[in-house]
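These are my notebook entries on a single protein chain. I record below what I looked up, topic by topic.

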Amino acid sequence: GKNSPRATPDIVPAPLDFSDACLPIYVNADKSSDPFLDPLDFTEDMRTTIGPYKFAWYDDERGDTRDTLAAQARELMYRQHRLFLFQLVLCNRYARFVRWDRNGAVATERFDYTNKPSVLAEFFWRFVRLNDVQRGWDHTVSLANPREEKLFRTAVQRFLKTQAGGKSGKPVRKI
């Protein structure tokens, strides 16, 4: 909104750090920013004007929200070894869960969490009990051991020497 830290010129926001993020939560006070269309929202008038049921609203504000959600998921998956991740979307008094993977997203229908706070409470209760694999981290990835680090550094140094060029000093494009 207009009064958010990112919209206030004298407040410099800190860069978002996605390296340790576990569960991204998107919050917007405006219900009309909810980017997804639930089957009950799809009126008979909409069926005649836009055709069969659509998954998402197609207007600028909701599209911007969808872009933000996708950007958050993308950044998290770029910076962590993830197979999938969960995201919580809060728009006014409504919430929905989104599960992202490399192919896209699946979203739940929205629910009024002020009338059904137990849904959020149960989600968090279950989420904190999941292990890393169940939260989407790729268990096949591990940090390099000292021997692998040395092999990598040696390979990089060797590659850089071949790229330094000969007597001309021009880089050599050789792999």
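I began with terms: two strands pair if DSSP finds at least two bridges between them. Helices (H or I, at least four residues) and strands (E, at least two) are DSSP runs, numbered from the N terminus.

Basis. I am reading a predicted model, in which local features need pLDDT of at least 70 and side-chain atom pairs count only at pLDDT 80 or more, while totals for chains, interfaces and linings use all residues. Residues are numbered from 1 along each chain as its sequence is written, and side-chain values use heavy atoms, with hydrogens and water left out.

Confidence. I looked up pLDDT, the predictor's confidence in each residue, from 0 to 100. The mean for the protein is 79, and 69% of its residues reach 70 or more. Among the elements, helix H3 has the highest mean pLDDT (95) and helix H1 (residues 44-50) the lowest (55). Over residues 1-5 the value stays under 50, and the model has four contacts for them beyond four places in sequence; contact means heavy atoms within 4.5 Å. Where pLDDT is low, the predicted coordinates should not be read in detail.

Layout. I found four helices and five strands, in the order β-α-α-β-β-β-β-α-α from the N terminus. Of the contacts with a separation of 6 or more, 49% are between residues 24 or more positions apart. Of the 175 residues, 27% count as buried, that is, under 20% relative accessible area; exposed is over 50% and partly exposed in between (1.4 Å probe, protein chains only).

Hairpin. S3 and S4 form a hairpin with two residues between them. S3 pairs with S4 (residues 104-107) in the antiparallel sense, over four bridges. Val98 stands opposite Ala107 in S4.

Cores. I took a nonpolar core as a set of buried Ala, Val, Leu, Ile, Met, Phe, Trp, Tyr and Cys residues joined through side-chain atoms within 4.5 Å. The largest has 13 residues, of which Tyr26, Phe36, Leu69, Leu85, Val89, Val98 and Trp100 touch the most other members. Helix H2 (60-79), strand S2 (84-91) and strand S3 (94-101) each give two or more residues to this core, and H2 gives the most, with four. A second, separate core of nine residues includes Leu88, Ala95, Leu120 and Phe123. Returning to Val98, I listed its contacts, leaving out residues up to four places away in sequence: Phe36, Leu85, Phe86, Gln87, Val89, Ala105, Val106 and Ala107.

Helix H3. The buried residues of H3 (residues 117-127) are Leu120, Phe123 and Phe127. Seen down the helix axis, they fall within an arc of 60 degrees, so they line one face of H3; the arc is that of the directions from the helix axis to the C-beta atoms. An α-helix has 3.6 residues a turn, so residues three or four places apart point the same way. Their cover includes S2, S3 and strand S5 (111-112).

Cysteines. I searched the whole structure for disulfides (pairs of cysteine sulfur atoms within 2.5 Å) and found zero. Cys91 counts as buried because its relative accessibility is 2%, whereas Cys22, at 22%, counts as partly exposed.

Single residues. Asn92 lies in the loop between S2 and S3. Its phi is near 60 degrees, a positive value in a residue other than glycine, and at 37% relative accessibility Asn92 counts as partly exposed.
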